[in-house]
Amino acid sequence: MADAKKAVRSLRIFLSIMLLLTFFSRTLYQATLPQVTAVSISGGYLTLNIPVQNPLINSELTIDYVLCVENLSSPLKVKRIYGQINQMYEKDSALVEFDSYRGAYALKQAEIEYEEAETALKLWRQSFDQRIRDIQKRTDELHSAGEASMEEIRMLNEERKLMEQDGIHNGSSLTTLETRYNEAKRICNVLSELSEDDWILNAPDKLWLTSLNVEKEGEYWGIEPVFSYVPDGGDLYVGVSTCLSEEMIKAAEQIVMYDGRGKRSAAWAFDHMEQIGENCLLWAVSVGENAELPENDLYFRLETGYYDSLVPLDAVFGEQIYLVKERDGSWGQTEQYVCRVDGKRIIEDDQYVLFETAEPLRDAMVVVDWDRPFEDGDAVVLKER
Amino acid sequence: MRKWFGLSVYMMLTVCACLFTLPIILVFCGSFMSQTELKSIYEKADAFVRLIPSPVSTESYYRLLFSNDAYLAAFWNSVLIAVYTVAGQCAVSLVVGFALWQKSIPGSKLMKAVYAFVMLLPFQVTMLPNYMQIRQIGLYNSPWALVLPGMFAPLGVFLMIQFMQGLSNEIIEASLLDTSSPVQVLVYIVGPNVLPAVWALALITFAESWNMVEQPLIMLKDAWRYPLSLRLNQQGEDLAITFAGAVLFMTPVYFLYQMFKDSLLAGIERVGLKT
């Protein structure tokens, strides 16, 4: 009985201590947690230096530009573009100086191609007409010879019919030759319009800066041209676009291969595309006169499965960042904890890093400072900057 | 010869007792060791088990109680579940036991057989039907998913019936004639007489509820609702916390045993005699 009384007393003391600790547990617990400062991944500017080297562009030109991410749902936009050293260009002002020698060379090549296409077409037509005349002459001769030549007459008629209907002669198609000729003529016209004086551009109706929009909608990256030339209704677009990762360049190349030049009414086809610099792509697309432009301008389809976000530089440790997330706490309330996210640095300046991750980081809180070390999964006290 | 036999039996029982209490002693001693020391003992295959901490450290208790509120939350979860289960089990067992003990109730024999049969079924057999029922009535992820099956466990009823066999039928019949209220008879006559069995049942049920692991693992989804028994299993590699947590985990059961050990022994003894 004495034991039972002692046990009751001990149990009371034990429960009282536990109750007391429980009352103060939250305060005591919070005091032991690391305090972290976190910022929301929402916006910022990224300054890049992209050396541009291209046959049509002066190889010494360096374009420095500022990417602005207002938030992740908005496109990356170029607000200002810096051209050559100490020279600032506002939107809609020109900044590209073309190499006139290479420009003239390009025009000459286009003219040669135009002449060759024209000659090929002319020769084909002459040969075609000659063959038609020969068939006509031989048919007349056979008719006069009598019924014994009826089989040959029938064969000649069939040959003539095929030539006139399908336009095929000597293994060449009239359609192919005409397409080559029209294309060469078009390119020649475009290039000749860009006269030598126009290589240094400042006229908004020639080659001018519109904007650089790197836009992501679902699985699509949209890239609007930086410099556009649209003579009377639209024919040739030239652009310099940022490529934010190697995967993007590969994806763009695949599209070129897939679409080819023949499907440009359904999708844009690239007349010219090449990578310039590590993260930059120069491209030119031509659109047929009656082609319908895609509603969302130009899109590269990307299926990399990664997301790019602009993260403050001091939030990235090597190839990882720490996000502050919420979970159920011990008493059912929500508590903050840190969650490590591995990723890849794409490009960065002295303030931000374009960080590629497997999960979207829209509006996520990323740790930029802390008062004591922590590990992945540790509960923390959040201190917003 | 007889003396030597008695001595050898005594020695053998002493060794058995030591073996049985060794884990508890190890846990108690380990709770005063540092994490490094515990790792050096338990994570090396060739390390020798030590009982004396060197140095004695209360760091694990500090970390358990002051730098982690999960333990306290789980402790009160366990307390609530156990208290509700014990209260419900005792009430249900007393009433049902009294009803089935009275031979005048039709089908009481069959019911007793059913209770005995259900009691013999292992937990793994009744687990799935229990789980499905709990989900159907919307109690999944709630403490009641653990309390209700515990309240209606057949062991208590069986224990009560066995214990009531020792009561005098004449007294009960006389009481019924006197009051004509079975409730009053249960409260004023049967209740006080079966109190040792009730305490024994309370202690057994408390220990069972306090120690359960599988049921909360199946019935609860949110980690913050987990009782201590389950939370202790999730301490991971932190041996110091686990040892200190295990000592505090055993404490209430030990005190309760000290409180009710006489009743427990008396209750089990009388039930055993009747059985």
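Two residues are in contact if their C-beta atoms, placed from the backbone, lie within 7 Å. This is a predicted model: local features need pLDDT of at least 70, side-chain atom pairs count only at pLDDT 80 or more, and totals for chains, interfaces and linings use all residues. Residues are numbered from 1 along each chain as its sequence is written, while chains are lettered from A and ligands numbered from 1 in the order in which they are written.

**Chain A**
- Chain A holds five helices and 22 strands. Helices (H or I, at least four residues) and strands (E, at least two) are DSSP runs, numbered from the N terminus.
- Of its 385 residues, 24% count as buried. Buried means 20 or more other C-beta atoms within 10 Å of the residue's own; exposed means 12 or fewer, and partly exposed lies in between, with C-beta atoms placed from the backbone.

**Cores**
- The largest nonpolar core has 63 residues; B:Met160, B:Met164, B:Ala197 and B:Leu203 touch the most other members. Such a core is a set of buried Ala, Val, Leu, Ile, Met, Phe, Trp, Tyr and Cys residues joined through C-beta atoms within 7 Å.
- Elements of chain B giving two or more residues to this core include α4 (70-101), α11 (195-211) and α14 (239-274).
- Domain 1 (1-67) and domain 2 (69-274) of chain B both contribute, so the core lies between them. The bounds come from an automatic or database domain assignment.
- A second, separate core of 23 residues includes A:Val324, A:Val338, A:Tyr352 and A:Phe355.

**Helix α8 of chain B**
- Nine of the 11 residues of α8 (residues 154-164) are buried. Among them are B:Phe158, B:Met160 and B:Met164.
- Leaving aside neighbours within four places in sequence, B:Met164 contacts B:Gly97, B:Phe98, B:Trp101, B:Val190 and B:Val194.

**α4(B) against α11(B)**
- The two axes come within 9 Å and cross at roughly 145°. Axes are lines fitted to C-alpha atoms, for helices over the stretch in contact, and angles run from 0 to 180 degrees between N-to-C directions.
- This contact has 10 nonpolar, six polar and no charged residues. Ala, Val, Leu, Ile, Met, Phe, Trp, Tyr, Cys and Pro count as nonpolar, Asp, Glu, Lys and Arg as charged, and the others, Gly among them, as polar.

**Chain B against chain A**
- 18 residues of chain B are in contact with 20 residues of chain A.
- On the chain B side, α3, α4 and α14 each supply at least two residues.
- That side has 12 nonpolar, four polar and two charged residues.
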